[in-house]
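Below is a short report on one structure.

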Amino acid sequence: MKTVALNIISSAKIYAPQKIENLEEKRLAPNMMMRRRLTRNSKVMLYLSDKCGFNGGKIVYGSCFSELEETAKIANAVLEGSMLSPTSFQNSVYNTAPSYFSLINKDTDEIITISSGMKTSLDTIKTAALQALVSGEKVLCVAIECINIKNIEEINKCTKFLEAGVAVVLQVAKDESHAKTIESLHVEGIIDSLQDLMSVANMHENGIDKIKVEL
Amino acid sequence: MKSYINNYELHCNAGNTAELMKAIYAKKSAIVEDETFLADATAGLGIMEYDNIYSLMKEVVSKVLKSSNLDNFQNTLLVLGSSVGGMQECEEIFYAQKSYKAINPNKLSMNALTDFLVKEFSFYDSRAISTACTSSANALLLAKRLIDVEAYDNILVVGADGLCRSTVMGFHALSVLSAKKCRPFDVKRDGMNVAEAVAVLLVQNTKTDNSIELKGVGASSDAYHMTNPNPEALGAISSMKDALSDAGISCLDIDYVNAHGTATLANDKVEALAVEKLFGNSVYVSSTKAITGHTLGAAGALEAIVSCEAIKLGFIPPQTGLETQENENIKVNKESVKMDIKNIVSNSFAFGGNNTSIVLGACT
């Protein structure tokens, strides 16, 4: 199998049991009309990319459930026979968060969105590795789950953090020397779909700045 | 390493691949005017005959495997593109139970479809991509790049989306849904038709007698608006230019643009402008969504198959539903054109300003 060595340029993570506070929306999305339309995933995405010092380029975004709040709003509106919000519908697609990033940062580069269940963040890393290899550029690799919706306890059996996100900026390394395979450095209570990328961010925090990824 | 599309099959409202191509060349739209999805309005929809999306995927994937040079998919990567994933089944449970309790979260997510196929066919590995209406076009983009870098020899690309009440009502809420059969590029077009399909292509690094080459891929973001395309068509032009560059060919080498052509006012105006700016009137242009409707996340894969068939059959697909062309500076062909087709650009555009173009060509 083909492997790629990647330098970890920067990393950031954030999570909260219910709702992540102080995502610095006013600074990161100064236009009020735009800010009012942002989904929770979009706000977390803007925050993490800023913390990583990334303001443009190729993005690979991962989310197992993506815009669950907007999806729930639509389903409840259908059930109640009320008017569907056009904004909720346009915000319900899985590429909403990176698309808002592209709008705000005027980033016209490629966006790929991965949704591979509980291996979402691993596949997001693999896809980011491919994009980094093909382009030779820095790639933002970010995975987010915001599942803090009304009645979530009816189905949530796996996570105690209802909002969580993690991001790393990756670039192809010149060689594989000293590159580490991804260690299991999970954060307990975080949904499994984010754990592989959490591990990479934790490796970076521990001083490891080069990883090896199988495509 | 070159990428070849060696086998494919689909199922949509017009039937399988052969039946769809027959409908395209006969200009026989398979859109129906449905009164069951919307309480207060008629919707033009592309509705398939099938039991459920899972069994249909199994059937279509089995046909591709049987026609291929593979015994199984154990050394094959599955890359699936979908915009709704397992939503079709889950939303019906929610509407019936009025609660989330009976919903299996693993069935809600996008990879519900890949999980099913991996269990049925034992793929080496899988990825699920969801970039709305460019999902399966982006699956083809990744497949080509993975073969380019020699990571895989065989990649099965699946585009699959079933009709959901929420998507039909959502597009209705956006006021882009036509009550009738859609009319891409017509001055009197009044919107799109939501539709469903399963489209499957086997992409390999080896050429067969039946191969079509996946020559180039390109992608861009508009960075303009969540649902409206950049009015100067910069994103669409960029994705097409990148696909041509990746293919190592120029605009002059393209014979036909299989347009995204949803028949919304915004898309067709901007896509026509993009084609005009890039190709002038040197290429034929048409949208086969007039036959199939817009199959959302499956559209890129479905229209890649249509493009492969057009090359093999030697006929440019005609534009069904066109009476008066809005942009007369491009060459939208009302009738089939017989020609030796060398290269085709197929476009897919999505919410968020996500643009993907692919170049398919005859093998030389």
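Which residue stands opposite A:Lys212 in E7(A)? A:Ala5 stands there.

## Model and numbering

This is a predicted model, in which local features need pLDDT of at least 70, side-chain atom pairs count only at pLDDT 80 or more, and totals for chains, interfaces and linings use all residues. Residues are numbered from 1 along each chain as its sequence is written, while chains are lettered from A and ligands numbered from 1 in the order in which they are written.

## Strand E7 of chain A

Helices (H or I, at least four residues) and strands (E, at least two) are DSSP runs, numbered from the N terminus. Strand E7 of chain A spans residues 210-214; A:Ile211 and A:Val213 form its covered face, and A:Lys210, A:Lys212 and A:Glu214 its uncovered one. In a regular strand the side chains alternate between the two faces of the sheet.

Two strands pair if DSSP finds at least two bridges between them. E7(A) pairs with strand E1 (residues 3-16) of chain A in the antiparallel sense, over five bridges. With strand E6 (residues 180-181) of chain A, the pairing is parallel and has two bridges; here A:Lys180 stands opposite A:Ile211.

E6(A), helix H8 (residues 192-205) of chain A and E7(A) make a right-handed β-α-β unit: with the strands pointing away from the viewer, the path from the first strand over the helix to the second runs clockwise.

## Contact between chains A and B

In chain A, 40 residues are in contact with 48 residues of chain B (C-beta atoms, placed from the backbone, within 7 Å). Elements giving two or more residues to this side of chain A include helix H4 (68-80) and helix H7 (120-135). H7(A) gives the largest share, five residues.

Definitions and conventions
Two residues are in contact if their C-beta atoms, placed from the backbone, lie within 7 Å. A residue is buried if 20 or more other C-beta atoms lie within 10 Å of its own, exposed if 12 or fewer, and partly exposed in between; C-beta atoms are placed from the backbone.
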